[in-house]
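The sequence and the structure come first.

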Amino acid sequence: MDVLSRQPLWQVFDAAWYVTQYPDAVQQMQAEGHPDIETFYRERGSRLGHSPNMFFDETWYLSAYPDIVAHVAAGGARSGFDHYCQDGYRGRAPHWLFSEVFYIASNQDVTRGLLAQHGLVNGYDHYLTVGDGEFRSGHRFFDPSLYRQNDTSTDTGPARFLPSFRRFLADGCRAGSTARLSWYFDPAWYLRTYPQVQDEIDQGWWTCALHHFLCNRTPLAFRGLEWFSEDEYGKTYPDVLEAVVDGTFRNTYEHFVRHGAAERRKPHPDIDLVKYYQSLRVQAELERGDFPDAFTHWVANRAAAQDQPAPEPALEAQSKALFVRQAENMLPQFARSKLDFTVSGLAAVSVIVVVHNKFALTMTALAALRACYAGGIQLILVDSGSRDETCRIGRYLTGARVIRFAHNAGFVEACNAGLDHADAPAVLYMNNDVTLGIKSLELALARLWSDDWIGAVGAKFIRTNGVLQEAGSIIWRDGSTVGYLRDADPNLPEANFVRDVDFCSGAFLLVRASILKTLGGFDNDYRPAYYEETDLCVRLKKAGYRIVYDPAVVVQHVEYGSASSARSTRMIQRNHQVFVDKHRDWLRYKYPARSRNALFARSPKPARSRILFIEDRIPLRDLGSGYVRSNDIIQVMAALGHQVGVYPIYPSVRSVVETLADFPETVEVLYDRGLDQLAAFIAERSGYYDIVWIGRTHNLERLLPILSDASSSLPEHSFVLDTEAVSAPRTVEQARVLGRPLADDLETLLRKELACAYFCQKIVAVSENDASLIRLAGHSNVAVLGHMKDAAPTPAGWARRANLLFLGAFHEASSPNYDSLRWFTDEVLPLLADRLPADVRFTIAGFVDRRVDMSPFGRHPRVDLHGPVDDLAEIYGRHRVFVAPTRFAGGIPFKVHEAAAFGLPVVATDLLCRQVGWDDGAEILSGGTDDPQRFADRIVEAYTDPELWTAVREGALHRIERENNRAGYLRQLEQILAEVVADGDPGGPPHG
C-alpha cells in the first residue's frame, strides 16, 4: 500500500475515524492480539470489508467494480483499498460521491503536468488537497455551493471549518437526507416518496437518502426527484433502455444526467427543455456556467418560484416617494460635511443648477455631481425664490456662486442669469432632481471635446421606477417631441450606442460654452420653462453643430420632481406653438409623428451607409475562428463613418457589459435577438438599411428564405456575402487526412457550397487563393479582404522565453483545431521527449466551448491547459515557439498572423504556410504534411537556434507590417463598400 512516493489523504489510515465507524474493532484487536488498530485493519479489518478512512468506501468500490472482487478473491490484493492504492487510483472512483473521470473532464486545468508539478497523485488527491477548498465539484450530485447554502447543520466542532466535501464526509454524510446537494436530487421528496428508505438509513444500511439512491441494488425502482420519469424516458428513448439492460448505465436517469440533459432530451411529460432553452436568459446563464444544463436551470428556477412570491411592479409614484425619502435620509451627513466646489484656476465646466425649494433633492444632486467628477467645477446655483433650507444652502457647501431671485423666476430666466457668470469652456445645465451615474460628467466632457463639431451632449435618463425617460429625443414634423424608447428597458440594445439626435433633455445638457454664449443661451420667449432646450438644440444644429446622445452618461431623474405635472403640461402646450412658429422651415423636413417612424427619426441619416451585419454569433474577439476578423470589419466600418447594426443568428449568451466592451460605441449590437426574430426585425426596420453584410456562406444559405420573403424591406442591390473561408478545400483535405471517401470533386463541392451566392452583388474572400476558388465556382463579383493585424512585437528575446504555445478557439470536437492538437499531442510531442529539456511545457490556450472535452490533452505530462486569454501580449511574450499543426482548414489562419504580430516565430504545417503565402525559413518554419518527425525537427530548430529564431521573427514581422496593417485594411474595406453602394445605385450599371 506504500507504493506511492507521496501519501495522499485518501491513503492515510485514520485511526480515530476507524474506531468511531467500527466500534467493535478495538475489542477484536485486543482479542486477536494485534498491537494497534492500524495493524488490526491491515491484517484483519481490510478483509472484513472495512474502509481505512472516510475518503474511501470499500463496500461501494467492490460493488462498483466486480472485476476487483475476483482480483481480491484470487489473492491479487488484500482488499479493494489495496487494489486502489496499487493501480485503481489511476482512473477508478474511490467513493460513491467522487468520480475521477468527471473531475478531470470538468476541471480541465487539472492536467497530468499540473499534478506532477505539485506532487499530486491523481485527480482525487488534487480534489482533497486543493479543489475542495476552491469549491470545485467532484461529482454531478455534489455541488459545494448548493451544499453550503442548504446545509442546516449546527455543528460547532472543527468539521465546520473543513472544505465542503470533507465537511460533508466528516458529518457522516447526513446532509444527503436533509439538504439539496445538487439540482439532480431532491432528498425531501425522495424520503416522502420512499418512506422505507428512512428505515434502512436508521438501521445503518445507508448514510443518507443520496447514498441510497446512488448505491441501491434496484436502481430502476427509484427516482431521484419528481421531475424525471424512468418509465417515460425509457419509452421515449428505447436505445437508452437497451443500454441500461446491457449494464452500460445504472438506470435511465444516469444516462439523462450524463448525456440527455445536455442534449435537452425530454425528462418528464411536462418539461420541454428544447423550448425552455430558447430563452436568452437561460442560454446566458448556462454559458456563464451558473448551471450545468437546461434541466438543472429549470429545476432551480421552479424551486425559486415556489419559494418566493412574484415581485410587485414598482409604481412610479411610490418609487418617486422612495427617492425623495432617501434624499431626506442623507441630510444629517451634510450638516457636518460640506461639499467642496472650490476651484483653483479655470474650471473645466460651469454647472448651472436652478433650485426652487426641494432642499434634500438639491443636496443629493450636488453630492452626486461632486462624486462623479474630480476636476474643477464652477458651481452656479440659481435660487429661484426658495423658502426652505435652500435659503441657507451656503452653510452646506463651499466654492459655489449663489444667485438669488426673490420670486420663482422660472427655468429660462434663471439659467440665463447663471450663464452670465459662467467662465468655463463647457456649460452643464443640470436639474436639482437628478442623480448622476458614475463618471457621467467626466464621460460627457470627453464626448463633447472628441469632435470640434459636437455642440451638446445628452444623457440616458432613467426614471425612479427603473425604466427609460429617454435615450435621446425626437422632434416630429408638427413640432411635438418624444423621448426615444420611453418606458423601455434601459438595457435594450437600441438605448446603448452613441448617436446624433435631434435634442436631449435640459435636465442634463452639456453645451460648448462659446457657441452657447454666441446664441445667447435659452430663448426668453420660452419663459418660464419647457421647449427651451429643444429650441437651443435646433439652433445649434442650424449653426452646423451635432447633438450627441451618449448612453455611458447615465442620469436618474425624478420626472416633474421640481414642478407639478399639471402646470408643466400647460406650459408645454403653450411653448409648443412658440417653437413651431420659430422653426417651421426646419420642421417641414422632419418625420411625421408616428411611432413606426421613431426608428428613422431617432438619428439623422448618416453621410455614409447604414449596414446590417449578420453573423453566426455576436463576434466577440475571444471566440476566435473568424470572429476576430468579423469584429475587425465592424470596427473599421464604424471608423469609416458607417452606422452598423450587428445581428446574430444564435442569441448572445454573454453579459451586456462583456458584449459592449468589444465593439465601438457607435455600433448597435443587437444582443437580445436571434434567428427566430429576424423576419420581424427586418419588417420593423423596413427600408432602414443600405447594405446587408452576411458573414459566412452557410448563414446566407440558411437565411435565403427569410431574405427573399422580406426583399421589399431590404435594399435591392446591396447584399454582401463574406465567405470568411471557403470550406470545400478543407472538406477535401479532411477526407484525405482521415481516410474518408468523397463523392464529389473540388469544383463540384465549390459549386454546391456557393450555390446561394447568386443572391449577393458582392462576394468577399479572405485571400486571393479563396477568390480564385470562388471564380472557379462561377462567380466573378469577388473582392479580397484578409486579416487586420498591426505588428506589436513583445520585447523579450530568445533567451528570456521558454515553452511552446498553441492559441486558438475550440467550438466543437470536430474542428480543425481539435484535430490538429490530437495529432500533435499523439504524434509530435512524444518525439520531443528526449530532444527538448524536460521542463519545456506545451501551453494550449484560447476559447473552449463548454461541450468540448479538453481532458485528453491534459493527460499528456507536458501539456498545460490555459483556457481563454485576457492578456495576449503577456502569453505571447513569455513563450518561445508557436505551433500551428493544422491538417485541414480553409481561408487564412489568423492564429499565425496574430502570433507573428506579437513577435513569436511559428512552426506550421505546409497547408498553413501555403495559406499565408510565407516562405519556409524566412517568415515561418514548415513542418511538412502529416510528417510528425519533420514537425518535431522544426520545433527543435526554432527552440534551440537563437539566430534562426530571430531571423524568422523579424521576417514575419515585416510581412505583417506590409500586408496586414490597419491603414491598408481601411482602404480595402472602403473600396469594397463604395463598389457595393455604386452597384446598388439605380443609375449605375445594369444587373445581371
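## Confidence and helix packing

The mean pLDDT of the protein chain is 93, with 96% of its residues at 70 or more. This is a predicted model, in which local features need pLDDT of at least 70 and side-chain atom pairs count only at pLDDT 80 or more, whereas totals for chains, interfaces and linings use all residues. Residues are numbered from 1 along each chain as its sequence is written, and side-chain values use heavy atoms, with hydrogens and water left out.

Helices here are DSSP runs (H or I, at least four residues) and strands are runs of E (at least two), numbered from the N terminus. The expected span of a helix is 1.5 Å times one less than its number of residues. Helix α22 (residues 316-329) has 14 residues and should span 20 Å, which agrees with the 20 Å between its end C-alpha atoms. Within α22, Ser319, Phe323 and Ala327 are buried (under 20% relative accessible area; exposed is over 50%, partly exposed in between; 1.4 Å probe, protein chains only). They cover an arc of only 80° around the axis, so they lie on the same side of α22; the arc is that of the directions from the helix axis to the C-beta atoms. An α-helix has 3.6 residues a turn, so residues three or four places apart point the same way. On the other side of α22, Ala317, Gln318 and Arg325 are exposed. The cover over the buried residues of α22 includes α23 (331-336), α24 (359-372), β7 (434-436) and β14 (546-557).

In helix α26 (residues 440-448), the buried residues are Ser440, Leu441, Ala444, Leu445, Arg447 and Leu448. These fall within an arc of 160° seen down the axis of α26, so they line one face of the helix.

## Aromatic contacts

The whole structure holds 62 aromatic pairs. Rings of Phe, Tyr and Trp (its six-membered ring) pair if their centres lie within 6.5 Å; planes under 30 degrees apart count as stacked, over 60 as edge-to-face and the rest as tilted. Two of the pairs are tabulated.

| Pair | Centre distance | Plane angle | Class |
|---|---|---|---|
| Tryptophan 823 and phenylalanine 935 | 5.8 Å | 90° | edge-to-face |
| Tyrosine 876 and phenylalanine 882 | 6.2 Å | 35° | tilted |

Tryptophan 823 in helix α38 (residues 816-828) and phenylalanine 935 in helix α43 (residues 932-944) are 112 residues apart, and their pair links distant parts of the chain. Tryptophan 823 is buried, at a relative accessible area of 8%, and phenylalanine 935 is buried at 0%.

Terms used. Contact = heavy atoms within 4.5 Å. pLDDT = per-residue confidence, 0-100.
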